[in-house]
Amino acid sequence: MAWNALAHSTKKNTPATPAHDHDHDHDPACCGGQAGCGHDHAEAHAHGAQCDHDHHHHAPGEDCCGHDHSHGPKHIYVYSPSGAVRDKAAFRRAIKRLQAQGHEVEVDTDALSSHLRFAGDDATRLAAIHRAAASGADVALISRGGYGLTRILPGIDYAAVAQGIARGTQFVGLSDFTAFQNALLAQTGATTWAGPALIADFGPKDGVDDILQDCFDDLLYGHGEGAGWRMPKQPAGAVPEDFYVDGGATLWGSNLAVLVSLLGTPYFPQVQGGILFLEDVGEHPYKIERMLTQLLHAGVLAQQKAIVFGQFTEFKLTPHDKGYKLQSVIDWLRSQLRIPVLQGLPYGHVATKVLLPVGAPVSLSVEGRDALIYWGHTH
C-alpha cells in the first residue's frame, strides 16, 4: 500500500480556528512514505493535517480493490436528523458549492423542517434517516448537528441503515451524529464516517477548507486510506516515541459528551482493543475531565489500545482555575492509564478536519511526534 502525502504550500479558504487552551506547538502534519510501521516520517510536511491519498494505476475497467476510482459526479443526499436549520443562506451556499463541484445534490423533503429546536418532530427525523439509507446516494450528509439523535435512537431501523451502507451509501457527520454512528456500530457493526456537516463546513462565506475538501474528495472517490498529523511537543516520556498498533484495532468515538450520554445503553459500542478518538466544543476542562472519569471508572478507557485527543474548542478558563487547563486533564489521564494518550488529531469543531471511519479496523503508528492512523486495502 503506497502512500503519497500531498503537500500544500498554503491552506487557502481556511477560516481561523478557534483559540485552544494549549501552550504548545500545535501544527499538524501529514505523513508520507510506506504504510506500516516503516513509513518514512522524514518526508512529513508541516503544511497542515492531511488525508493520505493512494494513487493507484489501474487498467481501464479494472476493479481489483472494490473502490470507485472514477472522478465523475457523485450523488450526495442531504438530510437533517438533529437540530433545525436556522441559517438558510449558508444551507443554500453549501448546496451550490457541492453542485459547482459537479455533484448531484438531493435534498431530503424535510431537511428544512422545524419543530421546537429540532429539524421536525421525532417521527419526521426518523423518516429522513430511513430515506437517506434508501436513497442509493454515494454519501448521506447531515445538514448540521446540535441535538436530537439520542432521543430517537430506539426508533432507527439499524438493519435498513446497514443495508444502505452495504449498497454503497457512506453516512458522514459529526457532533450530535456521534450518537447515530456509535449506536449503529453497537447494533450492527457497520462503519460510518466522522467528518463534515453541510452548513458548518461547506457553507462558510469565505469558502471550504482545502484539507477538508481533499479528505471529502478522497471519500467520494475511494482514495483515502489514512490521516496523519504532527503531535504537540510533550515532556519526555509523556508519549512513547515509537509504537505501533496493528490493523485489528477498531476506530470509534468522536464527540465526548454525546458518547458519554450513551454509556450504559444498548447504543454504546462494546469495543475492546480499539482506538478511541475524542473531541468536543464549549466544554470547560473540568467538565471534560468529569466525562473522561466516567469512562475511566466504567472500565472503557483501559480496554483500549490508545486514546487520541482531537480538538477541544470554544471554552473559557476562569481565575478560579489557577492554572488548571486542558493539558492538566490530559496529564492526569495519562497518570491513570497504561496506554498511550495522544494529542493533536485534526478533527472536531474546527475548519481543518480529516475524515475518519468509525467502526473500521485501523492501524496506528507513532514515530517521534508524527502520528498516522490508516485503514484501507493492500496491493
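## Helices, strands and the whole chain

The protein chain contains nine helices and 16 strands. Here, helices (H or I, at least four residues) and strands (E, at least two) are DSSP runs, numbered from the N terminus. Residues are numbered from 1 along each chain as its sequence is written. You are looking at a predicted model, in which local features need pLDDT of at least 70 and side-chain atom pairs count only at pLDDT 80 or more, while totals for chains, interfaces and linings use all residues; side-chain values use heavy atoms, with hydrogens and water left out.

How many of the 379 residues count as buried? The share is 55%, where buried means under 20% relative accessible area, exposed means over 50%, and partly exposed is in between (1.4 Å probe, protein chains only). Contacts, meaning heavy atoms within 4.5 Å, can also be sorted by how far apart the residues are in sequence. Among those between residues at least 6 apart, 81% join residues at least 24 apart.

Let's turn to an open sheet of six strands, with the order 5-4-6-7-8-14 and mixed pairing. Two strands pair if DSSP finds at least two bridges between them. Which strands form the edges? They are strand 5 (104–107) and strand 14 (356–358), each of which pairs on one side only. On average, neighbouring strands of this sheet are turned by 30° against each other, direction ignored.

Strand 4 (residues 75–79) pairs with strand 6 (residues 139–142) in the parallel sense, over four bridges.

What covers the faces of strand 6, and are its residues buried or exposed? Val139 and Leu141 on one side are buried, as are Ala140 and Ile142 on the other, and both faces are covered. Helix 1 (residues 88–100) lies across strand 4, strand 5 and strand 6, and runs at about 150° to strand 5. Helix 6 (residues 210–221) packs on the sheet too, touching strand 4, strand 6, strand 7 (170–173) and strand 8 (192–194). The direction of helix 6 makes about 145° with that of strand 6. For these angles, axes are lines fitted to C-alpha atoms, for helices over the stretch in contact, and angles run from 0 to 180 degrees between N-to-C directions.

Helix 6 includes Gln213. This glutamine is buried, with a relative accessible area of 12%. Not counting residues up to four places away in sequence, Gln213 touches Gln101, Phe202 and Val208.

## Strand 15 and its partners

Strand 15 (residues 361–367) is largely enclosed by the rest of the structure, because five of its seven residues are buried. Strand 10 (residues 242–255) runs antiparallel to strand 15, and six bridges join the two. In this pair, Ala249 stands opposite Val362.

Strand 15 also pairs with strand 16 (residues 370–374) in the antiparallel sense, over five bridges, with Val366 opposite Ala371. The hairpin of strand 15 and strand 16 has two residues between the strands, and Gly368 takes a positive phi near 65° there.

Two packed helices are described by the angle between their axes and the distance between the axes. The axes of helix 8 (residues 285–297) and helix 9 (residues 326–336) come within 9 Å and cross at roughly 20°. That makes helix 8 roughly parallel to helix 9 (angles under 35 degrees count as roughly parallel, over 145 as roughly antiparallel, 65 to 115 as roughly perpendicular and the rest as oblique). Residues of helix 8, including Ile288 and Leu292, meet residues of helix 9, among them Val329 and Trp332.

Ala257 is in helix 7 (residues 256–261) and is partly exposed, with a relative accessible area of 23%. Its C-alpha atom is separated by 9.2 Å from that of Asp176, 81 residues apart along the chain. Leaving aside neighbours within four places in sequence, Ala257 is in contact with Asp280, Glu283 and Met291.
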